[in-house]
Amino acid sequence: MDGTKCSGRIPTINAVDRRPEVCDQKVQSPCSTSEPELTALSLPCAPKNPMPNIEAISELSATIMQDRDKKSYTIRNIHADKESNQTLNPHKFLFFDHIASSTSLQKHRITLTNHQGSHARDIQNSSSWKSFNKVSSHSGKDSTSELLGIFEKTIPKLCFFGGLGKSDDDYAEEVAKFYKMLNNKTEIKYGMFKDVILDQLLAGISTSKEERVIRASVSILTAIISANKSAIEDIKKKGLQLHVLASALKQNVHEAAILIYLINPSPGEIKTLEILPALVEVVCTPGSYKGGMASLLPTPPGASLKIIEVLVTAFDYTTNNKHLAAISSPCIISRLLDVARTNNLNEFLSLATVLIKCMQFDGQCRKYILQFTPVTRFILLLQSNKNHDKFIALEFFHEILRIPRSSAISLLQKIQKEGSTDIMHKLMDCLQQLQPEYQLLAANVLLQLDTMNNSPGRSVFGEEAMKVVRKHLASEEGSSMQLLSAYILSNLGGTYAWTGEPYTVAWLVKKTGLASPYHCNMLRNFNWLDKSLQDAFTDSWCSRISRSIINIGNPIFHALEKGLKSKIRIVSRACLITIAWLGCEITKCPDGIRNSACEILLSGIEQFLHPGLELEDRLLACLCIYNYASGKGMQKVIYFSEGVKESLRRLSSITWMAEELHKVINYYQPNKSRISCVHTQIMESGLKCNGAVCALIYYKGLLYSGYSDGSIKVWDIKGQSAMLVWNMKEHKKAVTCFSLFEPGDSLLSGSVDKTIRVWQIIHRKLECIEVIAVKEPVQHMDAYGEMIFVVTHGHGLKVFDESRTVKEIGKNKNVKCMRVFQEKIYVGCTNSSIQEFSTTNDRKHEIKARAKGWKSQKKPVNSIVAYKDWLYCAGATVEGSSFKEWRRQCKPQMSIAIDKGDHVLAMGVVEDFIYLNCSSSTHYIQIWLRETHKKLGRISAGSRITSLLTANDMVLCGTESGLIKGWIPL
């Protein structure tokens, strides 16, 4: 507009005569003063959504004036603001400025704001909606006239982005109510009015560069949807693009989350928007949103939570975990829990689902969730009449109770206090009414709550819960119900780490006396420093729940006996674990119960003792036999098979329980054990593309192999198969040695590249957490406490303390190999001597003198092994003696002479055998009897042997070709 006064006329339209030539009039120039035409202003319009609604506006205006004065209609001049010199964009749609009737008792005037929104509304909200209420309640009155009045007071701000930017919550409510009033009208003309409103708001979202305009447009749309649920379909028809809302959300327009949620896009569409960080930001700043009418809908944090729920549940395992990784930090979870304090049930259900997924992804979340989660809300879900609510509550309790036993007991006390006895009956209802999976989850919670009651004798709750567990344990082999029931049963009497990992096996194995780090690391991924293993409440809990289960009697023992025979290893092993923790209490039971349990179970337990099985299974079986086989049960032990007796004898070097049982058997049947000398190959694995296997070690139950190209491969050995778990390449040159490192329960790897790397398993991944520089290539390595002892390529012995300060032990550069044992360092030297150093001071003692003469330089000690209380060394000969005798006499108690000119490169010692790899036959492992020093034979590795390891009755070797092979004497 250029400041010139303009006028225009609207033609008189007969209400009956709706000829196209009358309705479809073209709009003339805004400054035209010609024949009757509609004066127009151009306003912004959404791209791809042209708005031909001017005809509808003209038609509605004419009809209104016809209602006001049926005799005649006149046109008033439209006065433009003289002070305005703004020119409107020609791409904006046309909208009329002012309509008034000559006979109206009240003049209705619209004072339009310019594009900066400089003029404010001067009509009070209350009077507008007083008129609206009258229109709604008295249909006989002039409702169309009132409609236009409200229109004049609410719509002008939509004409310019500047006006939109200065709108407030009250204005959003006005537009929403006006839209609702239009929605109640069925004529097409009112529908076109709705189009005008939606198109203008969509234009504000899609074309404006100003955050306040976008925010206002989104807020008004949200308010419209809140008051008119059907509006969401109208918006979808308009083709609102999700990426536009995503862009608004990323610009901190939090209300956009509500619109995205209401549009209900597919999971794939949500994923492509890449809005997870923005959704997290919305959840983390809930105070930034102020309600209004939109509070009838989800709040922005609530809507964001629902979308996050889709992102962490609707995809494959990898994608879900990728999204979970972004929200599993304590900071974000604390904000999620703030949302939980609202009273919106749907939002809380979404939160519960997200929390469950977070606990499954990163178990460390449990500690934080336990601290801040309102348990009462989950109890209310459990008491709901809706099955879905119960499912969520049961899944949550199943996950949150996977914590150290003392913390689990505290949580159970809290549930018991807040849920009273009613929760027990609700769980009983779940046992009878829900699907099998949730019956088991309910049984798990019910059994633990019933144990908290500590009532003497048999309990109805406990018996019913155990019936469900026994029923599904006996279900179809390998079914999900059988596996879940086995898992629940095996850990009822034990404990968990804070990660949610079951630590019942680790807790039981410690009872067998297993203490050697070397043997502990043959077991699965346990952190032996975890405080849950020192939890004093675990023993008392086990005793209480064992009593309640044993009181059920023989049915439980028969169910476990059947489970032991399962061909599914997970099931049979779970039953073995259950029998083991029940055995901790069975020893206190009357003879009748103990003998009955022994008679039913012992024959099934025997199978887990055989050589070749995993060490933890053999130890658990040993614990079971020790606890159950007393009194009459000992007669069954005496008549065990020769294989079982042989296994107990071999285990006697690991656990005192096996040693005691073997002594009892020998007492009743004093016959000499027959040693099995035939070695059977049980595994072969590896890759030939990475060079020779230079080092082997067990760590966290997995086999680690170091290669000449600097790579480290991690294998999961199961029976006769090996599966590659990780393949790391951090070292630049050959990995020559490994060692267990107590601080942080870590692993050390030494390399020719002059570095030592410290490894830990973090979040189920092997990660290098430290690199220690060494000035020379590393040949051998061992550790004690915080100290790391290194034999370098130059035959020097160095020690690194906890600050990684290095010092050299001994001045002579003649160290060939070494072993740390009982606070002492035993060093094999190039001159055939063995030196003993203290780890606490600089004291040195020679326990084996060097060979005399110049030939001593050709007889280095290449290998030192500590086994039980003996120390073995190997070079040109193999010698061994107890530590005490070495120190006292400086002479060996045994000696094995090998072929002249030959020397030992590597040695391994087990209960019955000494394994040697010699220079004259590098492809072979020689087998010697440890007690009689008699050579039995040899086994071929197929290529030059480059590393040797003994573990769990097995002898393993790495070869030059890159293969790992293993044998066991059966």
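In this predicted model, strand β26, which covers residues 921-929, is joined to β27 by 5 bridges, and the two strands run antiparallel. Strands of a sheet pair through backbone hydrogen bonds, either parallel or antiparallel. Here β26 and β27 belong to an open sheet of 4 strands, arranged in the order β24-β25-β26-β27 with antiparallel pairing. The edges are taken by β24 (904-909) and β27 (935-940), each of which has a single partner strand, so one side of each is left without a neighbour in the sheet. From one strand to the next, the twist averages 25°.

The buried residues are Thr504, Val505, Ala506, Trp507, Leu508 and Val509, and they pack against the helices α25 (480-491), α28 (537-550), α30 (569-586) and α32 (615-628). After α26 comes glycine 513, whose phi is positive, near 90°.

Arginine 405 lies in helix α21, which spans residues 405-419, and although arginine 405 is buried, it has no salt bridge. A salt bridge would need a side-chain nitrogen of Arg within 4 Å of a carboxyl oxygen of Asp or Glu, whereas the nearest side chain of opposite charge, that of aspartate 535, is 7.0 Å away. Leaving aside residues up to four places away in sequence, arginine 405 touches several residues, including Gln448, Asn491, Asp535, Phe537 and Trp541.

Key: Residues numbered from 1 in each chain as written. Predicted model: local features only at pLDDT ≥ 70, side-chain atom pairs only at ≥ 80, totals over all residues. Heavy atoms only, no water. Pairing = 2+ DSSP bridges. Axes fitted to C-alpha atoms, helices over the stretch in contact; angles between N-to-C directions. Buried < 20%, exposed > 50% of the residue type's maximum accessible area, 1.4 Å probe, protein only. Contact = heavy atoms within 4.5 Å. Lys, Arg positive; Asp, Glu negative; His and termini not counted.
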